[in-house]
There are 2 protein chains.
Amino acid sequence: MEAYVLSADGIKGQPGERHEIIIADGLIRWRGDSKPYVCTVDKPKKETKMKGLKSFIAYSITSSLSGIQVSRRYKHFDWLHEILTAKYITIALPPLPEKQVSGRYEDDLIDHRKHILQLWVEKICRHPVLSKSDVWLHFLTCTDEKQWKNGKRKAEKDEYIGGSFLNCVTSPDAPLNPNDVERQVEMFNRNIRQMEEGSRVLTERMNTYQRLLGGPVKQNWQKLAAAFSALGHSFKDDGAGPASMRMADALQTTAHHYHVIGDDFETHAKNDVERVLERVYSYRGTISRVPDICNIHKQAITKWRNTENAVVEGKISESQAVKVKQRVDNTSYVIMAEVNHLNAEKTEDFKQFIGAYLRQQQAFYQQMANTLGDLAKQFE
Amino acid sequence: MEAYVLSADGIKGQPGERHEIIIADGLIRWRGDSKPYVCTVDKPKKETKMKGLKSFIAYSITSSLSGIQVSRRYKHFDWLHEILTAKYITIALPPLPEKQVSGRYEDDLIDHRKHILQLWVEKICRHPVLSKSDVWLHFLTCTDEKQWKNGKRKAEKDEYIGGSFLNCVTSPDAPLNPNDVERQVEMFNRNIRQMEEGSRVLTERMNTYQRLLGGPVKQNWQKLAAAFSALGHSFKDDGAGPASMRMADALQTTAHHYHVIGDDFETHAKNDVERVLERVYSYRGTISRVPDICNIHKQAITKWRNTENAVVEGKISESQAVKVKQRVDNTSYVIMAEVNHLNAEKTEDFKQFIGAYLRQQQAFYQQMANTLGDLAKQFE
């Protein structure tokens with residue numbers, strides 16, 4: 001970063017990627033791609049190599065961009081994540097699923113990881129810079145082993161990483177007021193801390209709620225089911241004729257559906273509540289990078305202040321200072337573009353995950369109401 | 001009982017009440033009243049006497065039989081219950097609410113007692129003997145203080161109580177096979193033990209379920225409400241324009257309704273689950289008398305066996321034995337009429353209380369589904 005601001009990074013080569021920042025609707029923004037696309041992570045498959053000595057899970061990834069389907073392992077995602085993190089230090093990358101060794105072939109866990117990977121690719125597809133990243137596109141489309149290795153090597157030797165990536169960005173000529181930008185970035189950082197705390201609490205409570213539904217709530221419905229069933233048996237045994245037999249049947253049917261409702265609560269917790277938890281995990285992981293990004297901006301601003309002082313003290317020339325200011329401004333543009341991207345994403349994320357969750361809850365309780373209504377009819 | 005069977009009760013007076021047993025649809029039954037009626041216990045009111053030194057709750061009772069409204073205290077119910085228990089030893093009386101001193105003026109408790117008293121009067125109204133009982137009708141219609149006292153005294157001096165009540169019953173001439181009846185009564189007694197165990201388990205689990213809904217389930221919804229509300233605040237503070245403001249509003253509305261749903265769970269537990277518990281309490285109290293009733297029958301059968309032996313041994317005459325057999329048969333008729341009444345009541349009771357509960361559950365979850373559906377729309 002410092003090297004970039006002071007034009008001391010010594011990079012000579014042409015950057016492979018070019019990104020542009022514009023001002024749209026009064027907001028500093030990355031110029032979005034005209035062709036948005038989506039990606040699907042699917043079909044986790046256990047594969048082996050070295051005659052079965054090593055086994056791993058391979059995921060198939062398909063993008064609407066190329067239609068090409070590639071097969072990638074967790075370690076490939078992990079490698080790509082490292083590369084992207086190093087290259088785009090001013091961009092908040094989504095998190096990968098946690099590395100986990102024990103139980104890594106359990107269906108639930110594989111499913112959970114697949115969902116987190118899906119959210120990871122979704123966020124990359126939606127990011128105006130990452131979605132056009134060479135290394136990402138390579139990951140997404142390369143099916144040839146040799147080309148894959150070449151692309152990998154190329155990415156690992158990329159000079160335009162860290163602060164130097166800013167060389168790949170063109171921003172508007174309009175100079176910025178560093179103090180203003182600083183205030184905005186600080187406000188954003190504070191707000192993100194608030195969001196982080198809110199998301200942490202939400203995660204904690206959703207976890208508790210998930211355990212409650214899959215545990216005591218499920219158990220209670222099923223214990224009531226058993227109680228109804230026992231009473232049904234007593235009616236069957238009372239020898240008091242058809243009215244008792246009908247009651248016995250009604251109680252058995254009620255017991256059966258109460259048991260199913262118990263299972264449904266667990267499924268609801270495992271699927272619907274889990275989806276919220278995964279999305280909050282992805283969101284929290286993304287914003288966990290924000291303090292570092294804000295810090296980068298702080299460093300650039302400090303560099304600018306030092307430069308201003310150095311000019312006053314006659315240590316460096318006005319023309320040198322202008323160059324520094326341009327590069328600080330470019331940094332500010334990049335940070336502000338990311339701030340505005342994250343704000344927009346946040347709203348979309350919440351819209352999607354809370355909206356989806358409420359609809360799933362609605363469907364769940366609607367089905368329960370229907371079942372209970374049908375059961376009630378038996379007792380009329 | 002023994003005195004009755006051996007015609008040694010020495011009662012000379014005319015019984016005030018007459019009840020008749022018939023055989024209908026192959027079952028031994030009390031001749032039912034042609035005019036069924038209902039009773040309502042309502043408006044529990046705190047009243048005082050001795051210038052406020054003593055306070056008590058008075059309930060108003062209205063029957064569709066007379067339309068007369070009377071005011072009775074718990075102690076009046078208690079007195080009547082004692083009288084009925086002593087008089088109708090072969091009839092399973094419903095239970096009164098438990099006596100409770102602490103917190104006896106709390107609204108919830110008063111409401112709970114009112115419901116149990118309501119079930120008590122309902123069961124009496126539906127019983128073909130109790131519904132025509134003189135002392136009950138006196139309780140139900142007497143509004144004059146002096147007449148009340150006279151009626152009370154009369155009931156307390158009633159000779160036709162216990163075994164002697166059987167003198168008030170006319171049963172079919174057809175002789176019964178005591179061994180057959182004994183088997184039927186024993187089967188009934190066993191079945192009632194099964195029902196008692198089933199109801200005990202149901203009570204226990206409904207209690208646990210009630211605590212779960214009013215406790216952890218309520219708390220979880222409300223804690224999630226608080227989490228949504230905190231996230232809503234973060235959106236409000238992010239300065240990212242109208243999309244964030246709309247999200248803030250949607251989250252606040254969701255938080256509000258989640259909080260209300262939490263309260264609704266408690267209300268559902270307090271009202272709907274409580275109604276089931278009350279009905280099971282009433283049912284269990286009623287059948288708790290069954291072993292004693294079956295025992296009375298056993299005594300009568302034993303008396304008959306002893307009589308048979310005494311005839312063989314020439315200790316008593318055939319004609320005396322015939323009289324004993326008639327009275328044993330009358331006892332069997334009375335017991336079987338009660339057995340068949342209880343079997344029919346059981347089916348009706350369960351039909352009503354489980355059916356009603358399922359409908360209330362349906363309504364509860366239907367409303368939840370509707371609320372959640374409305375909330376989801378905000379995130380579209």
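Me: Buried means under 20% relative accessible area and exposed means over 50%. On that scale, is C142(A) buried or exposed?

Reply: Bear in mind that this is a predicted model. The relative accessibility of C142(A) comes out at 6%. The cut-off for burial is under 20%, so C142(A) counts as buried.

Me: And how many disulfides does the structure hold over all chains?

Reply: Let's check two cysteines of chain A. A disulfide needs two cysteine sulfurs within 2.5 Å, and the sulfur of C142(A) has its closest cysteine sulfur 15 Å away, in C39(A), so that one is too far for a bond. C125(A), buried at 9% relative accessible area, has a sulfur 3.8 Å from the one in C39(A), again too far for a bond. Over all chains, the number of disulfides is zero.

Me: Let's move to the interface. Which helix supplies the largest share of the side of chain A that touches chain B?

Reply: The contact takes 59 residues from chain A and 59 residues from chain B. On the chain A side, α6 (178-236), α7 (242-287) and α9 (318-377) each supply at least two residues. The largest share is 26 residues, and the helix they come from is α6(A).

Me: About how much area do chain A and chain B bury between them?

Reply: Start with who gives up the area: in chain A, R205(A), L231(A) and L358(A) lose the most to chain B, together 11% of what that side buries. Carbon and sulfur atoms carry 72% of the area buried between the two chains. By class, the chain A side has 32 nonpolar, 19 polar and eight charged residues. The area buried between chain A and chain B is about 5200 Å².

Me: How many salt bridges does the rule find across the interface of chain A and chain B?

Reply: Take one pair, R359(B) with E380(A), whose closest N and O atoms are 3.9 Å apart. The cut-off is 4 Å, so this pair makes it as a salt bridge. Polar contacts between the chains come to 14 residue pairs. As for salt bridges across the interface, the rule finds four.

Me: One more, in chain B: is H256(B) buried, exposed or partly exposed?

Reply: H256(B) sits in helix α7 (residues 242-287) of chain B. The relative accessible area of H256(B) is 48%. That value falls between the 20% and 50% cut-offs, so H256(B) is partly exposed.

Notes
Residues numbered from 1 in each chain as written. Chains lettered and ligands numbered in written order. Predicted model: local features only at pLDDT ≥ 70, side-chain atom pairs only at ≥ 80, totals over all residues. Heavy atoms only, no water. Contact = heavy atoms within 4.5 Å. Buried area = accessible area lost by both parts, 1.4 Å probe. Salt bridge = Lys/Arg side-chain N within 4 Å of Asp/Glu carboxyl O. Polar contact = N/O pair within 3.5 Å; in protein donor to acceptor, adjacent residues only side chain to side chain. Helix = DSSP H or I, 4+ residues; strand = E, 2+ residues; numbered from the N terminus. Nonpolar A, V, L, I, M, F, W, Y, C, P; charged D, E, K, R; others polar. Buried < 20%, exposed > 50% of the residue type's maximum accessible area, 1.4 Å probe, protein only.
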